[in-house]
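Biologist: Can you take me through this one? I have not looked at it before.

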Amino acid sequence: MSLSVTDPNPRTKWIAGALVIGYAIVTIMPLLWIIATGFKSPADSIAYPPKVVFEPSLEGYVNLFTERTRATEGMLEDAGPPTTWYERIVRDQGMVITGPSRYGERFLNSVIIGFGSTALCMLLGTMAAYAFSRFRVPLKDDLLFFILSTRMMPPIAVAIPIFLMFRGLGLNDTHLGMILLYTAVNLSLSVWLLKGFIDEIPVEYEEAALIDGYTRFQAFYKVVLPQAATGIASTAIFCLIFAWNEYAFAVLLTSGTAQTAPPFIPTIIGVGGKDWPAVAAGATIFLVPVMVFTILLRKHLLRGITFGAVRK
Amino acid sequence: MAEVVLDGITKRYGDTLALKDVSMTVPDGAFVVLLGPTGAGKTTTLRMVSGLDVPEGGDVRIGGQSMRGLSPAQRNVAMVFQQYSLYPHLTVRENLAFPLKSPLLRTPQAQIDMKVAEVAEVLQIAHKLDNKATALSGGEMQRVSIGRALVRRPSVYLMDEPLSSLDAKLRADLRIELKRIQATSGATLLYVTHDQIEAMTMATHVGVLDRGRLVQFGTPREIYEDPVSVYAASRLGLPRINILPADLFGRAPDGAAQIGLRPEQIRQGEGTDASVRRVERLGDQTRLHLTIRDHDIVTVTDAHTTLESGDIVKIRPERAFYFDAAGARIA
């Protein structure tokens, strides 16, 4: 990529820098606030004026991963003195641990469904995009428009038909059902994005591979895919973010076995006193996988987002 | 190696007729050069043989076997693309090894290493083997692209202007090298070029294409000395053949509209007066730009000529070609 951009003068640079920093503060503040709240005690979390400096506590995280009950004298005697650091934290609140919470399970569901649907979406998306890019498909333009049009209405608009369909097929509250649903929603965008990337790869590379003794599929696999890596990575991030954050369908279609983290996190808030630190802890942990995934693929992402705007 | 036969090949791209009823036989071990301007159908012909495109009519046979319905891999052809088409995500070494590793060949690693080293040596790219293919100059890319074909022993090599982006010296070296490889291995080659020196020096046969039609097929000497039309005559020869009104030098055969004169068909020192417009000294030869009655003629003269612009020189056609109004040769 060669861009002919003249060096901005110092004043422009300064203003641009200030704007970027300002914007960064506005967007990062809520994130920092959530992370900080996760480490506050319940009292600090609702203190007014808000506490910026506070004594860090792991209470939120312990509460996130445990089920607790108010301790009675008899219970404390049965349990004996606390043996672990997290038991001690719970005891200090006058509670005892009755078992692990369901957060771990829900988080795992999110991982399975999020990454599963992203992988499936990439598998189907690259092949479909390749076919649209390279082959003479009858009614290609109409089909492409039809695929895009599925994206024009908010997916939740079809919630009721999908709910009925899932119930009929026994897909309600299953991992498979959620993976299929998120894949279906993401596939249209994936096909479009990936087709753009594959269009940019000269067809001569595949022709060379065909001549060199490879089949069409091997040429796709060995020559096209490595060159489409950037496009696949950035498309995968978009798909993962959608599947990871999706809330409405998760509330509607899952309750027990396949429930993902987003509908579960609000339920942590508990009854009686609001346990904001536990909610914040749940949100913080929930952010980590997408952040790691994005950071791992970031060098592809930048090129992916600016794709089409910059000519090689 | 094998004989390649094109039998009445017709190909359209949309509304354009790319090839019309092209038939030719490339004998086993021949070096066939296809000549013609852009759009004449040279590259399309290669694509028909390679199987990258399928003809609407006619048949391609390699080694006597019809290629109908066979994929490029099944045809066992090697092709050098005009745009190099090196795999950008691979190193030079991996690019050269790629065809050898194909499911078709499955060459053992030791043999791959040997082959790659050998070809890299010939093409003078041994020092670049571990570079990414994208980190090469145009000339180096072109050599790797040739190398990717040369590592194999296919039934036919197809080359689409393989030497076009090399500098003059390298081009001369590789011209000799390619010819040597072809001569010693007995490879069959179908080769597209614009460069007439390549055509004259390397070809055993030349095919002249004009807007999708094969207008003449023969040895380079045949095409040069016995062209069937103005078009075919214009493909070879430097400076180009002079095409003039048939009666410029007096009586012409019946039906002749144009006379074609190569430099060696112009006898100097007798005949019609021509004025010298310009003298181009090229070192080994000197070109004369002449004018006779508003018609320009370019010819070659003694390298040490004393002629200067403004001088008058007498010229006379000798064993000239005559063409009719449509450009077809009549004498």
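Modeller: We can go through a helix, a sheet and an interface.
This is a predicted model, in which local features need pLDDT of at least 70, side-chain atom pairs count only at pLDDT 80 or more, and totals for chains, interfaces and linings use all residues. Residues are numbered from 1 along each chain as its sequence is written, while chains are lettered from A and ligands numbered from 1 in the order in which they are written.

Biologist: How many residues are in H15 of chain A?

Modeller: Helix H15(A), residues 276-296, has 21 residues. Helices here are DSSP runs of H or I with at least four residues, strands are runs of E with at least two, and both are numbered from the N terminus.

Biologist: Where is the kink in H15(A)?

Modeller: At Val288(A), shortly before the proline Pro289(A), and the kink is about 25°. The bend is the angle between axes fitted to the seven residues ending there and the seven starting there.

Biologist: Switching to chain B, what is the strand order in the open sheet?

Modeller: The order is E2-E1-E4-E5, with antiparallel pairing. Two strands pair if DSSP finds at least two bridges between them. At the edges are E2(B), 16-26, and E5(B), 65-66, each pairing on one side only.

Biologist: How many bridges join E1(B) and E2(B)?

Modeller: Seven. Arg12(B) stands opposite Leu17(B) of E2(B).

Biologist: And how many residues of chain A are in contact with chain B?

Modeller: 14 residues of chain A, with 20 of chain B, where contact means C-beta atoms, placed from the backbone, within 7 Å. H10(A) gives the largest share of chain A's side, six residues.

Methods. The expected span of a helix is 1.5 Å times one less than its number of residues. Two residues are in contact if their C-beta atoms, placed from the backbone, lie within 7 Å.
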